Amino acid sequence: MHISRFPRLHFAHLPTPLEPLKNLSKLLGGPQLFIKRDDCTGLATGGNKTRKLEFLLGEALQKNADTIITQGATQSNHVRQTAAICSKLDLRCEILLEHRTGSKDPDYLENGNVLLDRLFGANILSVPAGTDMDAAMEETAAEIRKNGGNPYIIPGGGSSPTGALGYVNCAMELVGQANDRSLRIDHLVTATGSAGTQAGLLAG
């Protein structure tokens, strides 16, 4: 796939390291294990969403967006990284945080990623569990358009065909690293939430 034809910004620290897990391999009795260090992508303490945001923000700027809208759970890593890149690009950022856990712990509600979201200048709207988040983002976008703005909506987790391009690129990066080391990778294990990472790796 020739992904160079898609709009993209370059702010991730790539390629991320591919490191051997020698002790775990030994403990398990033989499988040769490696870890792809996408915690090292560099944006606001890193994480996998940075790869997606390179393509999502590239598309947003191509469409002349001045406001980014996204959503996630209270302590969403995706939201934190989105708020960070909006701050860097001087874009308005509207984030909707769904209170899914029911926790009343003030540290959970106000510290961690929520504190970082605020430090990055994002406008936060907290909503109860079960809220139709897509509809809520559309309502926010409609209000911004009514006031003359040009919003761009990013789905939860950055998981869309555009966002998945970040992990198409990661798959190609991983193949290159494996070839450089003469490695044959026969299993790839990844966590799946909103499935954008998985979709991109499969397509790549």
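The buried residues of helix 6 pack against strand 3, strand 4, strand 5 and strand 6, where buried denotes under 20% relative accessible area, exposed over 50% and partly exposed the range in between, with a 1.4 Å probe and protein chains only, and where contact means heavy atoms within 4.5 Å. The model is a predicted one, in which local features need pLDDT of at least 70 and side-chain atom pairs count only at pLDDT 80 or more, while totals for chains, interfaces and linings use all residues. Residues are numbered from 1 along each chain as its sequence is written, and side-chain values use heavy atoms, with hydrogens and water left out.

Helices (H or I, at least four residues) and strands (E, at least two) are DSSP runs numbered from the N terminus, and two strands are taken to pair if DSSP finds at least two bridges between them. On this basis, 4 strands form an open sheet with parallel pairing in the order 5-4-3-6. Strand 5 (123–128) and strand 6 (151–153) stand at the edges with a single partner strand each, so one side of each is left without a neighbour in the sheet. Neighbouring strands are turned by 25° against each other on average, direction ignored; axes are lines fitted to C-alpha atoms, for helices over the stretch in contact, and angles run from 0 to 180 degrees between N-to-C directions.

Strand 3 pairs with strand 4 in the parallel sense over 7 bridges, and Ala73 has Glu98 of strand 4 as its bridge partner. Strand 4 (residues 92–99) is in turn joined to strand 5 by 6 bridges, also running parallel, with His99 standing opposite Pro128 of strand 5. Strand 3 is mostly covered, 7 of its 7 residues being buried.

Helix 6 (residues 133–146) lies across strand 3 (67–73), strand 4, strand 5 and strand 6, and runs at about 160° to strand 3. Its buried residues are Met133, Ala136, Met137, Thr140, Ala141 and Ile144. Seen down the helix axis, these buried residues fall within an arc of 140°, so they line one face of helix 6; the arc is that of the directions from the helix axis to the C-beta atoms. The face turned away from this buried side carries the exposed residues Asp134, Glu139 and Lys146. At the N-terminal end, helix 6 is capped by Asp132, a side-chain oxygen of which lies 3.3 Å from the backbone nitrogen of Asp134. Just after helix 6, Gly148 takes a positive phi of about 95°.

How values were computed: A polar contact is a pair of N or O atoms within 3.5 Å; within protein, one must be able to donate a hydrogen and the other to accept it, and residues adjacent in sequence count only if both atoms are side-chain atoms.
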